[in-house]
Amino acid sequence: TVLVDHRAGDGGTASPPSRAVPPPPGGGPVCFVLRTGFDTVQGSLLRDLVHRAEAGGGSNTAGGEGVDSSDTFAFLLLLLLIALLSASTVLREAWGDVTRNHFKLLLHVTIIVTAVIPPELPMELSLAVTQGLGELARRYQVYCTEPFRIPLAGLVDTCCFDKTGTLTSDELRLHGVRLPSAGADEAAGAAPAGDGDLVLFDRTGARPALPAGTLRVMVGCQSLAVAHSLAPGPDGRASVRRELCGDPLERAVVEGCGYSVEPGSGTVAPAGGGDGPSVRVLRRFAFSSRLRRMTVVAADRAPASGGGASPSPPRLWALTKGAPEAVLPLLDPSSVPADYASSFGRQMSLGRRVLALAYRDLGPAGAGGWEKSPRGEVERDLTFAGLLVMDSPLKSDSRKVVRDLRAGGQDVVMVTGDALLTAAEVAR
């Protein structure tokens, strides 16, 4: 069971979906069961493991015997031609013999035709597929739940793999940030050679100091939620475990910056009450594969200044991240560094994933109008906040699998929507 935090609305009050449904205890969300049992994805997989497919798919009309129908009919046709050739030869040579009984001769010819196609043929073909399943499991630890795919596997000559999560690791790692020129020059002395224009994130957990504008975009431009899962404790009692759910990239960035998402309000704040802006997402323009970017409208409250002064009033921000090529036309030209293209191109050529960060000040939080503003109105005249660089290392067995497939005469193709330079480096 997974419980995702739910907020009823900006007003904080909402009537139940139905008057017949009482309010849940503790002010929790009202949930509806949509699918149960074997109608879920896990149930479908379990059904495939327990019960073999009765009909082996569109190309298998033999009732799941594991043999493709076209191959079966071709084999039967070959046997039939051999039988007819043998029968016609016997009939031609023996028909003119007056000592032979023509009735017995026709009977023998009929036996020849029927004996060529034995009644054990379906069982023999199924045994061949079963033998293939056993060899796969014994030699390579490959388990197939749909036997009809075994003959089809022999026709495969090209293997296509997704990049992220298949050839590369599921875990993205926050490598560093390329700040705007002033911030990069300020931190250049701490950056090692090779990544001289980056502020690096230490693997030991040490977090570098980042400008508020850059940090705000990194932790605020996301669509994460807090999930509560029930896990048994050591004493047998169930305990509630809270964890972030959503895009692995966004989760890695938020956790790498030392932030956490507060349940209910959706506010992103420094974990443990540390320093840094707290951001509350008010509106999202979801990521679009066509636009290659996402944007949120968020409000934050800067920390109180020293000397007992009152905190500054919260302000609204448009926070954008996306592919560097897609974000560039939206930026204020005066904020774009001269080496913008060469900087992200160099990181992509190293096989890293690069996202451009940008923001715009929308004024005081109390100002209206942003709720109905179109996306094009929000995403304009943005200020460049930096380049976010993520590591996505190869899986330990990717090289061996690709090498074995090529040794077996298979062409290997990588399919990805990532940047061309990043994909080329991973393929290399």
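This report describes the fold, cores, helix packing and selected residues of a predicted model.

**Overall architecture**

The protein chain contains 14 helices and 14 strands. Of its 428 residues, 32% count as buried. Among the contacts in the chain with a separation of 6 or more, 64% join residues 24 or more positions apart.

In soluble globular proteins, nonpolar side chains tend to be buried together. The largest nonpolar core of this model has 35 residues, and the members that touch the most others are Leu174, Met218, Val253, Cys257, Leu319, Leu388 and Met390.

With neighbours within four places in sequence set aside, Cys257 is in contact with Leu174, Phe201, Arg207, Leu215, Met218 and Val219.

Helix α8 spans residues 212-220, and eight of its nine residues are buried, so the helix is largely enclosed by the rest of the structure. The buried residues are Gly213, Thr214, Leu215, Arg216, Val217, Met218, Val219 and Gly220.

Leu210 is located in the loop between β4 (199-200) and α8. Leaving out residues within four places in sequence, Leu210 is in contact with Leu179, Val199, Phe201, Leu215 and Met218. The C-alpha atoms of Leu210 and Cys257 are 9.5 Å apart in space, while the two residues are separated by 47 residues in sequence.

**Packing of α11 against α14**

Helix α11 (residues 340-349) packs against helix α14 (residues 420-427) at an angle of about 25 degrees, and their axes are 7 Å apart. Because angles under 35 degrees count as roughly parallel, α11 is described as roughly parallel to α14. The crossing of the two helices is right-handed. On the α11 side, the contact is made by Gly345, Met348 and Ser349, and on the α14 side by Leu421, Thr422 and Glu425.

**Accessibility of selected residues**

| Residue | Relative accessible area | Class |
|---|---|---|
| Thr267 | 14% | buried |
| Leu210 | 17% | buried |
| Arg292 | 34% | partly exposed |

Thr267 belongs to strand β8 (residues 267-270). Not counting residues up to four places away in sequence, Thr267 touches Ser260, Val261 and Glu262, together with Ser278, Val279 and Arg280.

Arg292, in the loop between β9 (278-288) and β10 (293-301), has phi near 65 degrees. This residue is partly exposed, because its relative accessible area is 34%. Asp381 is not a glycine either, and its phi is about 50 degrees. Asp381 lies in the loop that runs between α12 (375-378) and β13 (383-391).

How values were computed
Residues are numbered from 1 along each chain as its sequence is written. This is a predicted model: local features need pLDDT of at least 70, side-chain atom pairs count only at pLDDT 80 or more; totals for chains, interfaces and linings use all residues. Side-chain values use heavy atoms; hydrogens and water are left out. Axes are lines fitted to C-alpha atoms, for helices over the stretch in contact, and angles run from 0 to 180 degrees between N-to-C directions. Helices (H or I, at least four residues) and strands (E, at least two) are DSSP runs, numbered from the N terminus. Angles under 35 degrees count as roughly parallel, over 145 as roughly antiparallel, 65 to 115 as roughly perpendicular and the rest as oblique. A crossing is left-handed if the near helix is turned anticlockwise from the far one by less than a right angle, and right-handed if clockwise. Contact means heavy atoms within 4.5 Å. A nonpolar core is a set of buried Ala, Val, Leu, Ile, Met, Phe, Trp, Tyr and Cys residues joined through side-chain atoms within 4.5 Å. Buried means under 20% relative accessible area, exposed over 50%, partly exposed in between (1.4 Å probe, protein chains only).
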